[in-house]
Amino acid sequence: MVTVSLSSTGGILVRYGRRTFSMDPKSSENADYTFVSHAHSDHLHIVSEKERIISSRETVQLASERGFKMKEPEEVEGVELLDSGHILGSRSINIEDEVIYTGDIAGRERAFMKRCRLKHARVLIMETTYGSPEYVFPPTASVIKQVNSLISSCYDKGMPVVLMGYTLGKAQLLSYMFSSWKPIFFHESVEKINAIYRKNGINIQNGITVRNSEIESLPEGPWLMISPVMNSKSTQVKVLKKKYNAVTVLFSGWAISREYVKSVGADYGFPISDHSDFRELLQIVGDVSPDVVYTTHGFSERFSRILKKEGFDSKPVESYQSTLHDHLTED
Ligand SMILES: [Zn+2]
């Protein structure tokens, strides 16, 4: 029997047979095993003495770099980790070919990142960040082409370009995809993670590291910088604009919406994402071909309704806050 519920800390609790698994909890929970899918900070917690951890070695390494010391992960009988293609070390968990919890998952190849790997299971618990039909991303190659021509026209005018994305994951893709532009600066927070990716065999070229305090003393443009997402109201962007006339470019799946790009105050926005778009989420459901789909994050209610129309049994996990336990399938 499988039960799936929302835990009191906002993680997901899965009971299968005699074992309980706490998926990406926000704090330590009473379960036999804790699964940490990847090292984004909203998926990390302070691990307690008694917790038994299931995770990848890369996630442990990245988590400790971000101030979350984890224990050695364990190999657990009947549990398989599948590459979820989201960031370095990200995994989905497959419990006895019955239950798959995806964590954050990407359904397409991007630069050095592969597409997620999946298997058939009866119960699928999946993230649905972009689970609404308007979120279909264009082919990555065509986005890269557009960005290269934007950079090229800025370089022609002597203007520097700042490419902004999440420090862990997106910034490494940007560092890799646009490394042919010189000189290339990496914000210190990006370079810290780039170095870990390099240690894990990913060929991100070296660039010039820039500390926040050094932003005022950069050379004249043109140059390229890979930086975390900074709002146009931040001191750094104000300096970059005023002193260098820099162009800021935001990378996010949300960039499908112009309103989002405007709210950050970036000059341009492009939809390169480490999550699956709407079609890829449907493809993931097709790959797993489950009896029931639990949805979580983003458009979980909407995506669940769409799946129901397609004939799947589906429920958003969030709607279980009041009941806590729901018995789904029985052997
Ligand atoms: Zn993530």
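Trainee: What spacing do the donors of the zinc ion follow along the chain?

Mentor: The donors of the zinc ion have the spacing H-x1-H-x45-H-x17-D. Please note that this is a predicted model, in which local features need pLDDT of at least 70 and side-chain atom pairs count only at pLDDT 80 or more, while totals for chains, interfaces and linings use all residues. Residues are numbered from 1 along each chain as its sequence is written, and side-chain values use heavy atoms, with hydrogens and water left out.

Trainee: Which residues are the protein donors of the zinc ion?

Mentor: They are His38 (NE2), His40 (ND1), His86 (NE2) and Asp104 (OD), lying 2.2 to 2.3 Å from the zinc ion. Donors are N, O and S atoms within 2.8 Å of the metal (3.2 Å for Na, K and Ca); water is not among the atoms, so sites may look incomplete.

Trainee: Why is the arrangement of the donor atoms irregular?

Mentor: The 4 donor atoms subtend angles of 91 to 166° around the zinc ion, which makes the arrangement irregular. Four donors count as tetrahedral if all angles lie between 85 and 135 degrees; four count as square planar and six as octahedral if opposite donors are over 155 degrees apart and all others between 65 and 115; anything else is irregular.

Trainee: Where do histidine 40 and aspartate 104 lie?

Mentor: Histidine 40 is in the loop between strand 4 (33-35) and strand 5 (53-54), and aspartate 104 is in the loop between strand 8 (99-101) and strand 9 (123-127), so the pair ties together parts that are 64 residues apart in sequence. Helices (H or I, at least four residues) and strands (E, at least two) are DSSP runs, numbered from the N terminus.

Trainee: Are those two buried or exposed?

Mentor: Both histidine 40 and aspartate 104 are buried. Buried means under 20% relative accessible area, exposed over 50%, and partly exposed in between (1.4 Å probe, protein chains only).

Trainee: Turning to strand 14, how many of its residues are buried?

Mentor: In strand 14 (residues 247-251), 5 of the 5 residues are buried, so this strand is largely enclosed by the rest of the structure. Val247, Val249 and Phe251 point one way, and Thr248 and Leu250 the other way.

Trainee: Which strand do 4 bridges join to strand 14?

Mentor: That is strand 10 (residues 161-164), which runs parallel to strand 14; two strands pair if DSSP finds at least two bridges between them. Valine 162 stands opposite threonine 248. Strand 14 is also joined by 3 bridges to strand 15 (residues 268-270), again in parallel, and there glycine 269 is the bridge partner of leucine 250.

Trainee: What about the open sheet: what order do its 6 strands have?

Mentor: The order is 6-7-8-9-16-17, with mixed pairing. Strand 6 (79-83) and strand 17 (313-316) stand at the edges with a single partner strand each, so one side of each is left without a neighbour in the sheet. Strand 17 pairs with strand 16 (residues 292-296) in the parallel sense over 4 bridges, and threonine 295 stands opposite proline 316.

Trainee: And arginine 57, is it buried or exposed?

Mentor: Arginine 57 is exposed, with a relative accessible area of 51%. Its place is in helix 1. Leaving aside neighbours within four places in sequence, arginine 57 is in contact (heavy atoms within 4.5 Å) with Glu72 and Pro73.

Trainee: Which residues of helix 1 are buried?

Mentor: In helix 1 (residues 57-65), the buried residues are Glu58, Thr59, Val60, Leu62 and Ala63. These pack against strand 7 (91-95) and helix 4 (188-199).
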